[in-house]
Amino acid sequence: MNHWTLIIGMMLVTFLPRYLPLLLAGKMEFPEWLERAFNYVPIAVLSAIIAQTTLIHDGAVQFNWHNAHLIAALVAFAVALKCRQQLVVISCGLLAFGLMRWWF
């Protein structure tokens with residue numbers, strides 16, 4: 001197989017799945033219930049990433065007070081409920097994580 005054929009084939013396989021939704025985005029109209037459901041996709045994906053990163057370490061669920069990731073996430077969540085300022089939430093979460101890593 002020619003190297004250029006392989007490169008162009010890989011380019012198409014990579015490019016088309018990303019471009020086609022953008023091409024069709026303005027032309028397709030989704031039902032309202034589906035558009036409302038799409039609003040929950042980012043928070044669902046982010047929640048799954050945070051939960052996996054926070055709770056699972058070394059292949060096992062670590063749901064205890066020695067888990068610095070869990071404590072930092074809880075602190076960040078509490079601060080987010082109180083002040084709703086992203087920089088403050090991130091700073092408090094990082095500070096809590098650093099203190100927990102230093103403490104244990």
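Visitor: Why is phenylalanine 38 called partly exposed?

Guide: Phenylalanine 38 has a relative accessible area of 41%. Buried means under 20% relative accessible area, exposed over 50%, and partly exposed in between, with a 1.4 Å probe and protein chains only. The value of 41% therefore makes phenylalanine 38 partly exposed. Phenylalanine 30, at 33% relative accessibility, also counts as partly exposed.

Visitor: On what kind of model do these values rest?

Guide: This is a predicted model, in which local features need pLDDT of at least 70 and side-chain atom pairs count only at pLDDT 80 or more, while totals for chains, interfaces and linings use all residues. Residues are numbered from 1 along each chain as its sequence is written, and side-chain values use heavy atoms, with hydrogens and water left out.

Visitor: What makes the pair of phenylalanine 15 and tyrosine 19 stacked?

Guide: A search of the whole structure finds two aromatic pairs. In the pair of phenylalanine 15 and tyrosine 19, the ring centres are 5.2 Å apart and the planes stand at 15 degrees. Rings of Phe, Tyr and Trp (its six-membered ring) pair if their centres lie within 6.5 Å; planes under 30 degrees apart count as stacked, over 60 as edge-to-face and the rest as tilted. The pair is therefore stacked. Both residues lie in helix H1 (residues 3-25), four residues apart, about one turn of the helix. Phenylalanine 15 is partly exposed at 45% relative accessibility, and tyrosine 19 is partly exposed at 36%.

Visitor: Why is the pair of phenylalanine 30 and phenylalanine 38 called edge-to-face?

Guide: The ring centres of phenylalanine 30 and phenylalanine 38 are 5.6 Å apart and their planes stand at 85 degrees, so the pair is edge-to-face.

Visitor: How do you know which elements the chain contains?

Guide: Helices (H or I, at least four residues) and strands (E, at least two) are DSSP runs, numbered from the N terminus. The chain has five helices and two strands, and from the N terminus on these run α-α-α-β-β-α-α.

Visitor: How do you know how the chain compares with a compact globule?

Guide: The radius of gyration is taken over C-alpha atoms, and the globule rule is 2.2 Å times the number of residues to the power 0.38. A compact globule of 104 residues would have a radius near 13 Å, but the chain has 21 Å. Along its principal axes the C-alpha trace spans about 55 × 45 × 25 Å. Of the 104 residues, 12% count as buried.

Visitor: Where is alanine 80 placed, and why is it called partly exposed?

Guide: Alanine 80 is in helix H4 (residues 68-83). Its relative accessibility is 24%, and alanine 80 therefore counts as partly exposed. The C-alpha atoms of alanine 80 and glycine 93, 13 residues apart along the chain, are separated by 9.8 Å.
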